[in-house]
Amino acid sequence: MKTGFVGAGRVGCSMGKYFVEHGMELSGYYSPTLEHAVWAASFTKSNVYESLEKLVEASDTLFIATVDSAIGEVWDCIAKMPVQGKIIGHFSGSLSVDVFHGIEAAGAYGCSVHPMFAFADKESAYQSLDQVHFTMEGNAHALSVLKEWFGKTGNPVHVIDTKDKVTYHAAASMVSNQVIGLVEMGLELLEKSGFSREEAAELLSPLMKHNMEAVIQDGPESALTGPVERNDVKTVAGHLSCLGGNTKKAYIATARPLVKLARKKHPDTDYGKMEALLS
């Protein structure tokens with residue numbers, strides 16, 4: 001089975017290289033920017049295709065590895081070609097197989113495959129994929145084939161319902177991208193307190209690393225510390241008094257789940273005043 005990639009960015013190059021490293025055969029790459037496809041083909045020791053039609057013809061499985069907004073447009077082009085019996089997939093976390101409108105009528109099998117991973121570059125990211133979890137949804141035949149593929153890599157694979165894809169991606173975004181937003185707010189507060197940007201980052205770094213390691217190792221409830229867990233209403237009220245705008249809203253929004261965790265951790269403690277403060 002030969003796999004082709006439409007798009008030669010970080011995800012397309014990394015996934016292609018990862019597949020090759022695990023003995024899977026690639027047909028190659030097509031990209032509107034030819035030099036990108038040339039680089040990707042060289043990187044994965046596969047072929048360059050100067051037309052989408054030729055890549056489709058040479059591939060049994062196609063992954064559209066473009067930005068999310070272009071996936072539907074690329075599929076609309078592919079759908080006009082002979083795709084009977086082919087697997088068509090994408091790597092988007094937010095989009096489901098529903099982006100492939102009319103794929104059943106075209107005789108192809110649609111799926112999405114999402115690595116729970118942030119691809120920092122296209123040259124070395126594939127080296128970190130061994131322990132990454134992959135989430136899949138779509139046509140049963142396509143999923144069966146892909147699960148067999150990932151049986152060779154050893155990666156954990158999770159199949160979800162298509163209707164749950166957006167909720168799934170929201171979760172990933174919250175613990176990845178949105179956490180960065182909270183870090184940025186913290187840095188800004190420290191700058192207001194007289195620290196330089198560099199000093200603020202150095203100050204927070206050990207705290208963030210230790211806290212995240214504790215969450216990963218022991219879970220949120222066990223890792224929970226701070227004024228909410230201690231039921232220190234006065235301290236939390238002080239925090240709220242010096243915050244405003246979106247920063248205050250973010251503090252309250254992220255503190256409310258902490259009350260729920262604190263109650264589980266300390267069932268005999270009355271967190272009523274804390275909950276009222278954060279309402």
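Helix H8 is followed by Gly194, a residue with a positive phi, near 110°. Helices here are DSSP runs of H or I with at least four residues, strands are runs of E with at least two, and both are numbered from the N terminus. H8 itself covers residues 177-192, 16 residues in total. From its first C-alpha to its last, H8 reaches 23 Å, close to the 22 Å expected at 1.5 Å a residue; the expected span is 1.5 Å times one less than the number of residues.

The model is a predicted one, in which local features need pLDDT of at least 70 and side-chain atom pairs count only at pLDDT 80 or more, while totals for chains, interfaces and linings use all residues. Residues are numbered from 1 along each chain as its sequence is written, and side-chain values use heavy atoms, leaving out hydrogens and water.

As for the overall picture, the protein contains 13 helices and eight strands. Its C-alpha atoms fill a box of roughly 70 × 40 × 35 Å, taken along the principal axes. Of the 279 residues, 40% are buried, where buried means under 20% relative accessible area, exposed over 50%, and partly exposed in between, with a 1.4 Å probe and protein chains only. The accessible surface comes to about 15,300 Å², and carbon and sulfur atoms account for 54% of this area; such areas come from the Shrake-Rupley method with a 1.4 Å probe, and for residues only the protein chains shown count as cover. Among contacts (heavy atoms within 4.5 Å) between residues at least 6 apart in sequence, 58% join residues at least 24 apart.

Strand E6, residues 109-115, includes His114. His114 counts as buried because its relative accessibility is 10%. Its side chain is joined to that of Tyr168 by a polar contact of 2.6 Å. A polar contact is a pair of N or O atoms within 3.5 Å; within protein, one must be able to donate a hydrogen and the other to accept it, and residues adjacent in sequence count only if both atoms are side-chain atoms. Leaving aside neighbours within four places in sequence, His114 touches several other residues, among them Phe91, His133, Phe134 and His169.

Seven salt bridges are present, each being a side-chain nitrogen of Lys or Arg within 4 Å of a carboxyl oxygen of Asp or Glu. In one of them, Glu25 pairs with Lys2, the closest N and O atoms being 3.8 Å apart. This pair links distant parts of the chain, with Glu25 in strand E2 (residues 25-30) and Lys2 in strand E1 (residues 2-6), 23 residues apart. Glu25 is partly exposed at 43% relative accessibility, and Lys2 is partly exposed at 36%.

Another salt bridge brings together Glu275 and Arg263 at 3.2 Å, N to O. Here too distant parts of the chain are linked: Glu275 lies in helix H13 (residues 272-277) and Arg263 in helix H12 (residues 245-265), 12 residues apart. Arg197 and Glu191 also form a salt bridge, with the closest N and O atoms 3.0 Å apart. Both belong to a network of salt bridges that links Glu184, Glu191 and Arg197.

On the surface, Leu34, Val38 and Val48 form a nonpolar patch with about 210 Å² of accessible area together. Patches are made of residues with over 30% relative accessible area and no salt bridge, joining like charges within 9 Å and nonpolar side chains (Val, Leu, Ile, Met, Phe, Trp, Tyr) within 5 Å. Val48 sits in strand E3, residues 47-48, and counts as partly exposed because its relative accessibility is 34%.
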